[in-house]
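This report covers charged side chains and how they pair. The sequence and structure come next.

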Amino acid sequence: MSTCFIERTDKELILIGKIENDTITEFKVWGSEFKTLVGDIYRGQIENIVPGLKAAFIDIGEEKNAYMFLGNRDDFNYKKGDPIIVQVLNDAFREKGARVTDNYKLRGQYMVLLPNETEVKISRKIRSKKERKRLTELGNKIKEDCTGLIIRTAAQGQEESVLDSEYKELLSDYERLKKEINFLPTPKKLYNTSNDTIVDILTNCSKVITNDQDVYKELKEMDFVTENIIVSDQFSLKYDPKLYKEVVNIFSERVVLNNGSDIVIEITEAMTVIDVNSKHYSDSDNFDDTIWEVNKTAAIEILKQINLRDIAGIIIIDFIDFSKESIKNDFINFMNKESMKYKRPVNILGFTRLGLLECTRMRTITKDHFENLKISDIWC
């Protein structure tokens, strides 16, 4: 049984997530309104390009101009005043406008259309080799050469006609979007997908609780939400010591584990680096057993934090060194199995020659603001 929560904090932020078995399994932070623009696609107009910031600022019709990080890319051939099609990665937050990208994706129930790629990728949640092969062949059969696909978990067992129909709908949307750059007015919202975030979290919840009357009224209008909706102005995650500690951990660089060891998570532009510290923990006379237990406990929490913080890209983890290669292989198998519990698993590549565990995780269009927040920003 799972409980979903939507809390308006005393600092006017919206926390939305899911609790299963008395622990937080999904967590998002939104601005002051119970809505998100993440995933929406706009025809915007470039207002300014700032080389020093490696960013372009774009009018998408919201209160603040959106910004797009350019990095060192040399294929950005736009100038001030040009129209541009962009997709929202981050909602506007306090003084910052929404963050956008011109590398947009179109998501359906069974697949995600990738306009700038050609490969067919299969959800790692689909474990059957036979089904993965079938879906890969189907994806390559139905798609045009100019697009790539991510086949989602929901596509398991679906017939070719179902997948082909959805692909054609997404392709039609893509063709329409390509033409929209030449029309007026600018700015204009062209494609609305933002409700997907709410649907993904609230679907299949047996109970939803909120402390906000306006949110409660909106929830009652959503046909995919359970009828078991509770509104209480006394509800807050900070009143539950266990859940409050979990939220604190999400916004902390250092997370202390129950056995006294800890993990330190440092997110940089290039990668995420995670360090495991044993803090002299010992619960066995056997060295290998001790290291296994420390690393196992750390791995479970690391995978949980990666999921809750939505960490993606390259991830390097410095576990306590194992003494044997066979133990390393067993540990990789353990992490792979543990990772598959999450919607977007971590891809465990293996240990490097320096003993660091190298991992990757697929990026999505959804991105939260955990890098910029502290727990003091959430509640007074």
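## A buried aspartate

D262 is buried, at 1% relative accessible area; buried means under 20%, exposed over 50% and partly exposed in between, computed with a 1.4 Å probe on protein chains only. The partner of D262 in a salt bridge is R254, with 2.9 Å between the closest N and O atoms. A salt bridge here is a side-chain nitrogen of Lys or Arg within 4 Å of a carboxyl oxygen of Asp or Glu. R254 is partly exposed, with a relative accessible area of 45%.

## Basis of the values

The model is predicted, so local features need pLDDT of at least 70 and side-chain atom pairs count only at pLDDT 80 or more, while totals for chains, interfaces and linings use all residues. Residues are numbered from 1 along each chain as its sequence is written, and side-chain values use heavy atoms, with hydrogens and water left out.

## Pairs in helix α1

Helix α1 spans residues 129-142; helices are DSSP runs (H or I, at least four residues) and strands likewise (E, at least two), numbered from the N terminus. E131 and R134 form a salt bridge, their closest N and O atoms 2.9 Å apart. These two residues lie 3 residues apart in the helix, about one helical turn. E131 is buried at 14% relative accessibility, whereas R134 is partly exposed at 28%.

K133 and E137 also form a salt bridge, at 2.7 Å from N to O. They are 4 residues apart in helix α1, about one turn. K133 is exposed at 52%, and E137 is partly exposed at 46%.

## Network and total

Salt bridges link R8, E12 and D212 in a network. The whole structure holds 23 salt bridges.
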